[in-house]
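Subject: Structure handover

Hello,

Here is the structure I promised to pass on. My notes follow below it.

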Amino acid sequence: MDSFRCIKPCVESEFGKLEYVMLHAPGNEIENMTPENAHKFLFSDILNKNEAMADYKDFFGTLSKVSNVVVFDQLLEETLQNDKVKQQVVEKICTNENVKYLIPILSEMSAAELAKVLVEGFQSKSLKERFVLDPIPNLFFMRDASFTMFGDIIINKMATDVRDRETILLDAIFRNTKLFNTEVVHPIERYTPRPGGSIEGGDVHIARHDIVLSGMGLRTNRIGIDALISHLKSKNTEKHLIFQELPSAPESFIHLDMVFTLLGQNMCMAYKQVIMNSQFKTTHLVINGENPVKIIEEENLVSALNNLGMELEPIFCGGGDDYAAAREQWHSGANFFSFAPGKILGYERNNHTIEALSNNGFEVLKASDVANGIVNVDDYKQCVVTFKGNELARGGGGARCMTMPLVRKA
């Protein structure tokens, strides 16, 4: 990453050509889960590291071919080489997780050793617990703890305390590495510092330079929406915030990107049973500086975007078949990541959804072929690059969940 120029993060859409993206490959931290603690870490099952890494290899390789990949682990180690920052991070994490007695132990570690421990967890043979500092196995879902909104890096307040360490580490990275030139914003702390507020990046989509979408459900709540409203007000230009009510169950509906993703300027992937269902409200807010917020109740998310000039043709998860849709949505069948307009990444296991994309003009490519240079995505107007995800999907997220875009072309 030393060869990278200073990055000024900017994302004004979900599908502008990707230039920089941050990733973290699943590692030992996921092997540090057990059936007893998996639920604590928000997993419904335990994952196998070798299988997950094998699934991830071609996903990472594809993104390395089409953009510049910034690796979280390298940035964290670089950040911790600053002794002052290292001490601040250690004290904040140990205080937050009620293990202050670890401060002197962790402070003596090298930057490389500490970076590893803060992700994989810290074991102590002298105590009954296997881990005195827990691992953070959700980290490979890079989208949730932070996201890029226009020219700002947003650090989220997670719905569950078990993911707070991710936000602390990302805040330290964005504030202290020389690679980034950006403002770091904590919307909950800045605008709505009352208890219980939460925002997660899986819910927030930048549809256009003036349109933001957000899910409202298990992970982003009304206080979080209020914080987004306040942040958009600070831009002093007209912005549209459309928030979509999400079901509270099952757990596969935790974020908006599990039921809706933008594939290009005029295309989206939708889980019809939620997105086209009037039971779940869609609310459109028109925000312009300190002017009163205008509230419009919309028919659904697709029609709301159509009314703003983004005329979307929805492609339905599962190909429109209710049975196939329910099965494939469970394993992130609506969760695609766009790396250029009409060029997307997703799990190959969701056969009916991939077939629906093929029927709508998407060439189906294998990620292994793209990653190995056998196929060039530039040769196709529209394509879906599919990668194996049998193990990764069991973690409860897909391609969009695993990416944190830093820069996209307008």
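Strands β5 (146-149), β8 (204-208) and β20 (404-408) each supply at least two residues of the lining of the largest cavity. β5 gives the most, with three residues. Strands here are DSSP runs of E with at least two residues, helices are runs of H or I with at least four, and both are numbered from the N terminus. Ala, Val, Leu, Ile, Met, Phe, Trp, Tyr, Cys and Pro count as nonpolar, Asp, Glu, Lys and Arg as charged, and the others, Gly among them, as polar. About 70 Å³ of space lies in the largest cavity.

A cavity is a set of points, on a 1 Å grid over the protein atoms alone, where a 1.4 Å probe fits but cannot get out; a pocket is an open set with protein on both sides within 12 Å along at least five of seven lines; lining residues have an atom within 4 Å of a point. Grid points are joined across faces, edges and corners, and a volume is the space filled by probe spheres set on the points. The count comes to one cavity of 30 Å³ or more.

Please keep the source in mind. This is a predicted model, residues are numbered from 1 along each chain as its sequence is written, and side-chain values use heavy atoms, with hydrogens and water left out. Local features need pLDDT of at least 70, side-chain atom pairs count only at pLDDT 80 or more, and totals for chains, interfaces and linings use all residues.

The largest pocket has a volume of about 520 Å³. It is lined by 26 residues, and L42, E251, I254, G395 and G396 are the closest to its centre. The lining of the largest pocket has 10 nonpolar, 10 polar and six charged residues.

The second largest pocket has a volume of about 280 Å³. Its lining has 18 residues, of which N156, K157, D164, T167 and E189 lie nearest the centre. Helices α4 (83-96), α7 (164-176) and α8 (187-191) each supply at least two residues of this lining. The largest share, four residues, comes from α7. Six nonpolar, six polar and six charged residues make up the lining of the second largest pocket.

Next, the chain as a whole. It has 14 helices and 20 strands. Its C-alpha atoms fill a box of roughly 60 × 55 × 45 Å, taken along the principal axes. Buried residues make up 60% of the 410 residues. Buried means under 20% relative accessible area, exposed over 50%, and partly exposed in between (1.4 Å probe, protein chains only).

Then look at β12 (residues 267-270). M267 and M269 point one way from this strand, C268 and A270 point the other way, and all are buried. In a regular strand the side chains alternate between the two faces of the sheet. β12 runs antiparallel to β11 (residues 260-264), with four bridges between them. Strands pair if DSSP finds at least two bridges between them. L262 has C268 as its bridge partner. A hairpin through two residues joins β11 to β12. Four bridges also join β12 to β15 (residues 313-316), and these two run parallel. There, M267 stands opposite E313.

Another hairpin is formed by β16 and β17, with two residues between them, and G342 in its turn has a positive phi of about 75°. Three bridges join β16 (residues 337-340) to β17 (residues 343-347), which run antiparallel. F337 stands opposite L345.

Last, helix α13 (residues 351-359). T353, I354, A356 and L357 are buried. They lie on the same side of α13, because they cover an arc of only 155° around the axis. The arc is that of the directions from the helix axis to the C-beta atoms. On the other side, N351 and N359 are exposed. H352 also lies in α13. H352 counts as partly exposed, at 40% relative accessibility. Just after α13, G361 takes a positive phi of about 95°.

Best wishes
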